[in-house]
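Please look over the model below. My notes follow as numbered points.

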Amino acid sequence: MSIFVGQSLDVTFTCTNRANELFDVTTLTCRVEKPDGTATVYTYGTDLQLARISVGVYRITITVDQAGDWWFRGNFTHTSGGATVSGTSREIPRTVTPTR
């Protein structure tokens, strides 16, 4: 599926433990880097672009304004039983086409 400048782009993150069970995070940010190298960090609970879909599943939705490779990276913390765990997703690339 092609993504064109001016369209919405969704990227979904899932948070699982070693047993592959989904869990909700305490904090979540997503860094989005545009093809020109500028970046914006979105914060769950503050920025409407980053939303919880269900337990352990989060989605960022943005409108792309440049053609080229976009990069997404999620960072989270989870606190349970007095212990805090943190994690980072792999970088997720998406390529945007200039026009149809």
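1. Tyr44 counts as partly exposed, because its relative accessibility is 30%. The scale runs as follows: buried is under 20% relative accessible area, exposed is over 50%, and partly exposed is in between, with a 1.4 Å probe and protein chains only. Tyr58 is buried, with a relative accessible area of 1%.

2. This is a predicted model, where local features need pLDDT of at least 70, side-chain atom pairs count only at pLDDT 80 or more, and totals for chains, interfaces and linings use all residues. Residues are numbered from 1 along each chain as its sequence is written, and side-chain values use heavy atoms, with hydrogens and water left out.

3. How many aromatic pairs does the structure hold? It holds two. Rings of Phe, Tyr and Trp (its six-membered ring) pair if their centres lie within 6.5 Å; planes under 30 degrees apart count as stacked, over 60 as edge-to-face and the rest as tilted. One of the pairs is Tyr44 with Tyr58: the ring centres are 5.3 Å apart and the planes sit at 75°, so this pair is edge-to-face. Tyr44 lies in the loop between β3 (39–43) and β4, and Tyr58 in strand β5, so the pair ties together parts that are 14 residues apart in sequence. Strands here are DSSP runs (E, at least two residues), numbered from the N terminus.

4. Next, the sheet that contains β5. Three strands form an open sheet in the order β1-β5-β4, with antiparallel pairing. Why does one side of β1 and of β4 lack a neighbour in the sheet? Because β1 (8–14) and β4 (50–54) stand at the edges, each with a single partner strand. From one strand to the next, the twist averages 30°. The angles behind such values run from 0 to 180 degrees between N-to-C directions, and the axes are lines fitted to C-alpha atoms. Two strands pair if DSSP finds at least two bridges between them. β4 and β5 (residues 57–63) run antiparallel and are joined by four bridges. Ala51 stands opposite Arg59 in β5.

5. Strand β2 (residues 27–33) has two faces. Leu28, Cys30 and Val32 make up the covered one, while Thr27, Thr29, Arg31 and Glu33 make up the uncovered one. β2 pairs with strand β6 (residues 68–80) in the antiparallel sense, over seven bridges. Thr27 stands opposite Thr77 in β6. β2 also runs antiparallel to β3, with five bridges joining them. Thr29 has Thr43 in β3 as its bridge partner. The hairpin of β2 and β3 has five residues between the strands, and Gly37 there takes a positive phi near 95°.

6. Now the cysteines. A disulfide is a covalent bond between the sulfur atoms of two cysteines. The cut-off used here is a pair of cysteine sulfur atoms within 2.5 Å. The structure holds zero disulfides. Cys15 is in no disulfide, and the nearest cysteine sulfur, that of Cys30, is 11 Å away. That separation is too far for a bond. Are the two cysteines buried or exposed? Cys15 counts as buried at 6% relative accessibility, and Cys30 counts as buried at 0%.

7. Side chains of opposite charge can pair when their charged atoms come close. A salt bridge here means a side-chain nitrogen of Lys or Arg within 4 Å of a carboxyl oxygen of Asp or Glu. The structure holds three.

8. Asp24 and Arg52 meet in a salt bridge, at 3.0 Å from N to O. Asp24 lies in the loop between β1 and β2 and Arg52 in strand β4, so the pair ties together parts that are 28 residues apart in sequence. Asp24 is partly exposed at 28% relative accessible area, and Arg52 is partly exposed at 37%.

9. On the uncovered face of β2, Arg31 and Glu33 meet in a salt bridge (3.0 Å, N to O). Arg31 counts as partly exposed at 35% relative accessibility. Glu33 counts as partly exposed at 23%.

10. Which residue forms a salt bridge with Lys34? Asp65 does, with the closest N and O atoms 2.9 Å apart. This pair links distant parts of the chain: Asp65 is in the loop between β5 and β6, Lys34 in the loop between β2 and β3, 31 residues apart. Asp65 is partly exposed at 44% relative accessibility, and Lys34 is partly exposed with a relative accessible area of 22%.
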